[in-house]
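Morning, everyone. I'll take you through one model today, starting with its charged pairs. Please have a look at the screen.

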Amino acid sequence: MRAAWHGPGRERDLVVQSLKAAAAAVIAWLVGGVWMGDPLALMAPWVALVLVQATVYSSLVQGARQFGAICVGTLLASAAQAITGDTTGALALSVPVLMLLANWPRFGDQGIYAATTALFTLAAGTVSLSGVGHRVGQAALGAVIGVAVNALVLPPIHLRDVRENLAALAREVGDVLHTVAADLREGEWDAQTAADWLSASAGLEHRLDALHSARRWSQESLRLTYGPLRALHRVPHGTAALPPVEEDERFGRVTGHVTALTRALAVSVDDNRTPAPPEGPALSSYARLLELIGDACHADADSLRHGSMAGRPDAETEKAMRELHEELEDKLRRHAGEGAAHTAVLGTLLLQAENLWAETVPDDEGQ
């Protein structure tokens with residue numbers, strides 16, 4: 001609540017959605033229980049409560065699935081009661097079948113409502129045709145109210161999450177590169193240090209998964225929210241433009257290059273492997289190159305957070321990166337005369353640095 005009060009963000013979205021769900025339940029109760037005077041009005045607020053989903057589209061899909069599950073549960077429970085004439089027998093006959101039906105993919109994660117509806121139906125007492133009709137009608141009423149509240153009252157449009165996750169991924173990539181550069185520069189790194197790098201690169205993969213998930217939510221949240229509904233969305237104006245999918249793909253490649261780089265370093269300090277890490281000036285130059293690439297990633301993160309697209313580093317930084325690249329190529333040629341072990345690792349590291357450079361420093365033509 002404190003974070004929601006201070007400004008727009010995921011916390012405010014959660015607060016608004018929670019209050020909308022509560023409001024939908026209250027409205028459904030007022031309509032079904034107070035205004036219509038239906039003694040079985042519990043179904044309406046129950047359905048309305050759970051149908052205020054993260055997106056309007058998911059509310060419609062989940063509403064259709066839940067309504068179908070409720071109808072199936074009500075009808076089977078009523079049929080079981082008519083056959084057995086006993087509540088316990090009806091439960092024993094209907095619930096196992098409904099629990100199996102709950103796993104039907106067509107119901108999605110709403111299948112469990114078939115069994116719970118059967119429990120409510122049988123626990124309420126004598127089952128009648130009018131009672132079945134009331135329950136189904138109240139479920140339909142709750143579904144309409146839940147979907148309407150979600151669509152018409154500040155419909156959720158999740159654009160902010162994509163930008164936040166993309167900026168966070170760029171920032172974390174820069175952090176990992178800075179960490180690796182600092183450890184290489186100190187010269188005292190071992191298998192445990194390399195394991196820490198691998199763990200950090202695995203964290204980048206998790207952040208990339210979160211970005212892909214946010215992208216899917218953002219695309220779904222724009223479905224069925226056109227025209228007047230789009231004018232009610234909760235995304236801040238001006239800085240809310242959704243970054244293109246190409247940015248996700250670019251940082252996905254960057255994440256893969258960082259993972260390959262840390263794996264190459266981990267292999268070089270494995271006593272059971274032949275390749276050996278580069279030494280002396282070559283290692284220092286390489287650390288400086290990684291640091292500059294990390295700076296470029298941090299610049300990307302800052303640009304994304306402020307609503308602009310990623311830019312290129314300044315001319316001085318690019319010049320330093322080119323000089324370091326040429327210096328490393330010279331050292332690679334000298335290492336080739338000292339044996340294959342050092343040369344193999346330095347060549348692999350240089351290749352990954354070039355890949356990172358190509359992704360983080362756009363060329364003039366791309367600009």
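Let's start with one pair. Arg-171 and Asp-302 form a salt bridge, with 2.6 Å between the closest N and O atoms. By salt bridge I mean a side-chain nitrogen of Lys or Arg within 4 Å of a carboxyl oxygen of Asp or Glu. This pair links distant parts of the chain. Arg-171 sits in helix α8 (residues 160-186), Asp-302 in helix α11 (residues 281-305), and 131 residues separate them. Helices here are DSSP runs of H or I, at least four residues long, and strands are E runs of at least two, numbered from the N terminus.

Before I go on, the ground rules. This is a predicted model, where local features need pLDDT of at least 70 and side-chain atom pairs count only at pLDDT 80 or more, while totals for chains, interfaces and linings use all residues. Residues are numbered from 1 along each chain as its sequence is written, and side-chain values use heavy atoms, with hydrogens and water left out.

Back to the pair. The cut-offs: buried is under 20% relative accessible area, exposed is over 50%, and partly exposed is in between, with a 1.4 Å probe and protein chains only.

Next pair. Arg-207 and Glu-172 meet through their side chains in a salt bridge, 3.1 Å from N to O. Arg-207 is in helix α9 (residues 191-221) and Glu-172 is in helix α8, so this bridge ties together parts 35 residues apart in sequence. Arg-207 is partly exposed, at 24%. Glu-172 is partly exposed too, also at 24%.

Third pair. Arg-250 and Glu-247 make a salt bridge at 2.9 Å, N to O. Both lie in helix α10 (residues 245-268), three residues apart, about one turn of the helix. How many salt bridges does the structure hold? Seven.

Now cysteines. A disulfide is a covalent bond between the sulfur atoms of two cysteines. The search used a cut-off of 2.5 Å between cysteine sulfur atoms. Across the whole structure it found zero disulfides. Cys-71 counts as buried, at 16% relative accessibility. Cys-297 is buried as well, at 0%.

On to the surface. Val-26, Trp-29, Leu-30 and Val-34 form a nonpolar patch, with about 390 Å² of accessible area together. Patch members have over 30% relative accessible area and no salt bridge; like charges are joined within 9 Å, and nonpolar side chains (Val, Leu, Ile, Met, Phe, Trp, Tyr) within 5 Å. Take Val-34 from that patch. Val-34 lies in helix α2 (residues 10-35). Val-34 is exposed, at 54%.

Last, the whole chain. What is the secondary structure made of? It comes to 13 helices and zero strands. Of the 367 residues, 46% count as buried. The accessible surface is about 18000 Å², and 60% of that belongs to carbon and sulfur atoms. Areas come from the Shrake-Rupley method with a 1.4 Å probe; for residues, only the protein chains shown count as cover. Now contacts, meaning heavy atoms within 4.5 Å. Among contacts between residues at least 6 apart in sequence, 82% join residues at least 24 apart. That's my tour.
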